[in-house]
Amino acid sequence: TMGKARVHLPVQSFLQATQKGEEILARLVSEGFGKRKKLVDLFCGVGPFALRLAETVAVHGFDSDRNAIAQFNNAVRHTQGLKPISAEVRDLYRAPLVVQELSEFDGLVIDPPRAGAEAQIRQIAKSQVKRVVYVACDVQTFTRDAAILAEGGYKLEKVFPVDQFKWTAHLEMVGWFSK
């Protein structure tokens with residue numbers, strides 16, 4: 001269950017390490033936006049952020065995992081009470097959303113794999129998206145991408161560490177950026 005939606009998980013789906021960790025991250029993502037009209041969720045997977053966000057705002061998601069997007073869209077079809085929400089398959093490494101595409105959104109959540117998404121971050125940095133909420137599982141990648149966003153005029157307002165990996169040095173984090 002992700003918000004109101006029930007999602008059938010494809011084999012080898014990516015989820016957060018713990019349910020509590022995912023709930024905390026989803027809350028931080030949601031709180032990071034305030035009032036927005038249309039959001040984009042990059043690396044949306046099966047929709048743990050987008051499906052919750054769509055309870056109050058229109059959302060469009062992108063991810064390269066076809067099975068995840070199919071289940072995302074299936075959950076949307078079977079969930080009532082959501083704002084306009086959709087998702088599509090797109091390899092954001094080879095074909096990141098460009099500035100013109102990003103211009104239709106006033107907020108953006110990005111939750112890339114451990115290596116980050118440098119090409120996509122460079123496009124975001126050039127954009128006029130007012131709010132970026134970045135979810136990261138690697139401090140070095142987050143630091144690199146935050147520097148690129150800062151060079152593009154974004155200000156890092158807050159960073160929230162989420163320790164859902166007990167007895168390890170790993171840390172999940174959420175950063176709120178504004179332009």
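This is a predicted model: local features need pLDDT of at least 70, side-chain atom pairs count only at pLDDT 80 or more; totals for chains, interfaces and linings use all residues.
Residues are numbered from 1 along each chain as its sequence is written, and side-chain values use heavy atoms, leaving out hydrogens and water.

Let's start at strand β2, residues 58-63; helices (H or I, at least four residues) and strands (E, at least two) are DSSP runs, numbered from the N terminus. Six of its six residues are buried, meaning under 20% relative accessible area with a 1.4 Å probe, protein chains only. A58, H60 and F62 point one way, while V59, G61 and D63 point the other.

Now look to either partner; strands pair if DSSP finds at least two bridges between them. Strand β1 (residues 38-42) runs parallel to β2 over five bridges, with L42 partnering F62. Strand β3 (residues 85-89) also pairs with β2 in the parallel sense over five bridges, and here D63 sits opposite V89.

On to the aromatics: the whole structure holds four pairs, where rings of Phe, Tyr and Trp (its six-membered ring) pair if their centres lie within 6.5 Å, and planes under 30 degrees apart count as stacked, over 60 as edge-to-face and the rest as tilted. One of them is F142 with F177, tilted at 6.0 Å and 45 degrees. F142 comes from helix α6 (residues 139-151) and F177 from strand β7 (residues 172-178), 35 residues apart. Both are buried, F142 at 6% and F177 at 1%.

Note on methods
Buried means under 20% relative accessible area, exposed over 50%, partly exposed in between (1.4 Å probe, protein chains only).
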